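Here is a briefing on one protein chain. Keep the sequence and the 3D view open while reading.

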Amino acid sequence: MEAYKKEFIEFMVDSDVLKFGEFTLKSGRKSPFFMNAGAYVTGSQLKKLGEYYAKAIHDKYGDDFDVLFGPAYKGIPISVVTAIAYSELYGKEVRYCSDRKEEKDHGADKGNFLGSKLKDGDRVVMIEDVTTSGKSMEETVPKVRGAANVEIVGLMVSLNRMEVGKGGEKSALEEVKDTYGFETNAIVTMEEVVEHLHNREYKGKVVIDDTLKQAIDKYYEQYGVK
């Protein structure tokens, strides 16, 4: 496993973003793990987060894009810090754009979007925290494609949960790729998280012991990609 992936897994644990226990997801599934990007709250955490996203996007999609689009709400700060990191790491200025949950009907920035306007010919990288069922893309992709004649280059999430999407056969990221026709990638997969943390002491404790590993395995027996 690449060093930056190990670092990112430990960064999620240190930031209390990746949690283990019992959680009810937006999809209704009960999961033994949960990732909450809203727990990145300090300046140093957000700076590092942007750098990890920028590196992953650069590795997977290169420099040939114009806009980072982060769906409201958690995608807004992620797209902002990644745009900053991209400028600092690679010397390329990319714009950020996000959607509003409610349309603003007054002022110079009225409309459905925050940040940059989308223009014909823009190449867009979608950026999200995690995709469990692909539902957020159902809402977001039509907005982006309806705003201008843009090309969506791909989607980058921080964690691939590696479970089936709404169709019950393919992963949510694979479903997004097949449905909308653009690439989908993650900084790390849940398989890599388990590989790195299982029965390994990190800062004085074992994050994923055998009992938790069994719970994760059981979850994937039900919801994992076959």
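This is a predicted model: local features need pLDDT of at least 70, side-chain atom pairs count only at pLDDT 80 or more; totals for chains, interfaces and linings use all residues.

Residues are numbered from 1 along each chain as its sequence is written, and side-chain values use heavy atoms, with hydrogens and water left out. The protein has seven helices and 10 strands. Helices (H or I, at least four residues) and strands (E, at least two) are DSSP runs, numbered from the N terminus.

**Overall shape and surface**

- The radius of gyration is 18 Å, close to the 17 Å that the globule rule gives for 226 residues, so the protein is as compact as a globular protein of that length. The radius is taken over C-alpha atoms, and the rule is 2.2 Å times the number of residues to the power 0.38.
- The C-alpha trace spans about 55 × 40 × 30 Å along its principal axes.
- Of the 226 residues, 51% count as buried. Buried means under 20% relative accessible area, exposed means over 50%, and partly exposed is in between (1.4 Å probe, protein chains only).
- The protein exposes about 11100 Å², and carbon and sulfur atoms supply 47% of it. Accessible areas come from the Shrake-Rupley method with a 1.4 Å probe; for residues, only the protein chains shown count as cover.
- Among contacts with a separation of 6 or more, 70% come from residues 24 or more positions apart. Contact means heavy atoms within 4.5 Å.

**Helix 1 against helix 6**

- Two packed helices are described by the angle between their axes and the distance between the axes.
- Helix 1 (residues 3-14) packs on helix 6 (residues 190-197) at an angle of about 85°, with the axes 10 Å apart. That makes helix 1 roughly perpendicular to helix 6.
- Axes are lines fitted to C-alpha atoms, for helices over the stretch in contact, and angles run from 0 to 180 degrees between N-to-C directions. Angles of 65 to 115 degrees count as roughly perpendicular, under 35 as roughly parallel, over 145 as roughly antiparallel, and the rest as oblique.
- Helix 1 contributes Lys5, Lys6, Ile9, Glu10, Met12 and Val13, which meet Glu192, Val193, His196 and Leu197 of helix 6.
- The residues of this contact divide into five nonpolar, one polar and four charged. Here Ala, Val, Leu, Ile, Met, Phe, Trp, Tyr, Cys and Pro count as nonpolar, Asp, Glu, Lys and Arg as charged, and the others, Gly among them, as polar.
- Lys5 sits in helix 1. Lys5 is buried, with a relative accessible area of 12%. Not counting residues up to four places away in sequence, Lys5 touches Ile187, Val188 and Glu192.

**Other buried residues in helices**

- Gln45 is in helix 2 (residues 43-61). Gln45 counts as buried at 15% relative accessibility.
- Leaving aside neighbours within four places in sequence, Gln45 contacts Phe11, Ser15, Ala39 and Tyr40. Gln45 and Ser15 are 30 residues apart in sequence and 7.3 Å apart in space, C-alpha to C-alpha.
- Thr140 is in helix 4 (residues 135-147). Thr140 is buried, at a relative accessible area of 3%. Beyond neighbours within four places in sequence, Thr140 is in contact with Phe69, Pro71 and Met126.

**Tyr223 and Arg29**

- Tyr223 is found in helix 7 (residues 210-223). Tyr223 is buried, with a relative accessible area of 19%.
- Leaving aside neighbours within four places in sequence, Tyr223 contacts Arg29, Glu163 and Val164. The C-alpha atoms of Tyr223 and Gly165 are separated by 8.6 Å and lie 58 residues apart along the chain.
- Arg29 lies in the loop between strand 1 (18-24) and strand 2 (30-35). Arg29 counts as buried at 11% relative accessibility.

**Backbone points to check**

- The peptide bond from Ala72 to Tyr73 is cis, with omega near 0°. Tyr73 lies in the loop between strand 3 (67-69) and helix 3 (75-90).
- Asp16, in the loop between helix 1 and strand 1, has phi near 60°, a positive value in a residue other than glycine. Asp16 counts as partly exposed, at 42% relative accessibility.
- Asn199, in the loop between helix 6 and strand 9 (201-202), has a positive phi near 55° and is a residue other than glycine. Asn199 counts as partly exposed, at 45% relative accessibility.
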